[in-house]
Amino acid sequence: MNAESGKVKLMNGVVWEYDELPHMLITGGTGGGKTYFIYALIASLGIEGRVHIADPKKADLADLGNFKAFKGLVVSDKKEIFEQMQEAVELMDKRFLYMKKQKIYTIGKNYRYYGMKPEFFIVDEWAAFISVLDKYGRDENACTEENLYSSISPLVLKARQAGVFFILATQKAGTDVIRSAIRDNLMCKVSLGRLSEQGYIMTFGDEQKNKSFINKYGVKGRGYIDVGAGVPQEFYSPLVEKGFDFVEHFSNMPSMPYTDVSDVEMTEEDKELLNDVYGDQFIEEEQEKISMLQGERREQIRKDKDGKAEKLLSDVSYSDQLKNYYRELS
Ligand SMILES: Nc1ncnc2c1ncn2[C@@H]1O[C@H](COP(=O)(O)OP(=O)(O)OP(=O)(O)O)[C@@H](O)[C@H]1O
Ligand SMILES: [Mg+2]
């Protein structure tokens, strides 16, 4: 698996263009391979940009925090994860302002145009995080579900151009654990292992109701993927060999590249400016662009499929026809 220039190859013939169809939802029952898939994502996305990790169950990913490349980037406590989400939003705003202040600033260009590196925020066990949030809180920094959603909802709608991406993994994807305002804007959808019929619908959407998803028992890391085109296809997560040592791999990983925007000061005027430029109209345009891209990719997948089917038909039947023809002649 490798990542470059705004896309990552997840399997032969399966590429997620995160710069185009941003954010990812990973679902699947226990033991399906979500966390292993996240390891593979970290290994490849961490070469292109910086990966921030939240592991609310302090289960597997939390250990990465001990390694040099991940210092200060891995969190587990409720408050820390909440702050990491706020940090993502702040980072997006600062990056927008950084872009805006460049001499070469050109409307509509994304972060890459300014030589910036992408930032990925990965949350494993999303439902576990939601379940520990406070019911009530007094101010906007209180760790409540309301505050969380009101800060991250704009992020999934706007952050594409700024190069900030969200990747969430959860066993269940019902609206009780992930509001549809977020879920529906995570363009790439991956299911791993077994899911209930409802689980598939919640992952891939209502339109896929009549597609027959097959649960193959005992096959870890197998499932389905929709890279954002609205077409789920079979998927095998990158196989991790038996002898592969994650600890060794990640402990030797070099520091992840990132664009330092810590010097960017945000005045009240700047905030107003950002609200103007990246407000409702910007969001609307983003939605239009994304749905156009989605249509194009869907068409492409359909053509590829038709192409393959035609080729199969002609390869097989044409020579067979000839053979039969001569056989009958002789
Ligand atoms: N891509 C893979 N290659 C090799 N083995 C895998 C792969 N994916 C999963 N496995 C095996 O399956 C086990 C469970 O995978 P993993 O921990 O990723 O599941 P999970 O979906 O995160 O489960 P949970 O929801 O309980 O956290 C792993 O410990 C590993 O042995
Ligand atoms: Mg897991």
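**Exercise 1. Find which residues are closest to ligand 1, then sort its shell by class**.

Step 1: the shell around ligand 1 holds 16 residues, and the closest are Gly33, Lys34, Thr35, Tyr36 and Gly221. A residue is in this shell if its C-beta atom, placed from the backbone, lies within 6 Å of the ligand.

A quick note before moving on: this is a predicted model, where local features need pLDDT of at least 70 and side-chain atom pairs count only at pLDDT 80 or more, while totals for chains, interfaces and linings use all residues. Residues are numbered from 1 along each chain as its sequence is written, with chains lettered from A and ligands numbered from 1 in the order in which they are written.

Step 2: helix 1 gives the most to this shell, with three residues. Helices here are DSSP runs (H or I, at least four residues), as are strands (E, at least two), numbered from the N terminus.

Step 3: sort by class, and you get five nonpolar, nine polar and two charged residues. Nonpolar covers Ala, Val, Leu, Ile, Met, Phe, Trp, Tyr, Cys and Pro; charged covers Asp, Glu, Lys and Arg; the others, Gly among them, are polar.

**Exercise 2. Work out where Gly28 lies and whether Gly28 is buried or exposed**.

Step 1: an unreviewed UniProt entry lists Gly28 under "binding site", along with others including Lys34. Such annotations may be inferred rather than shown by experiment; positions follow the numbering used here, and feature names are shortened.

Step 2: Gly28 lies in the loop between strand 4 (24–27) and helix 1 (34–48).

Step 3: Gly28 is buried, because 27 other C-beta atoms lie within 10 Å. The cut-offs: 20 or more is buried, 12 or fewer exposed, in between partly exposed, with C-beta atoms placed from the backbone.

Step 4: leaving aside neighbours within four places in sequence, the contacts of Gly28 include Lys34, Gln171 and Gly223. Contact means C-beta atoms, placed from the backbone, within 7 Å.

**Exercise 3. Decide how helix 2 and helix 8 are oriented, and what meets between them**.

Step 1: the axes of helix 2 (residues 78–101) and helix 8 (residues 268–277) come within 11 Å and cross at roughly 90°. Axes are lines fitted to C-alpha atoms over the stretch in contact, with angles from 0 to 180 degrees between N-to-C directions.

Step 2: the two helices are therefore roughly perpendicular; that label spans 65 to 115 degrees, with under 35 roughly parallel, over 145 roughly antiparallel and the rest oblique.

Step 3: Asp93, Phe96, Leu97 and Lys100 in helix 2 meet Asp270, Leu274 and Val277 in helix 8. That contact divides into four nonpolar, no polar and three charged residues.

Methods
Contact = placed C-beta atoms within 7 Å.
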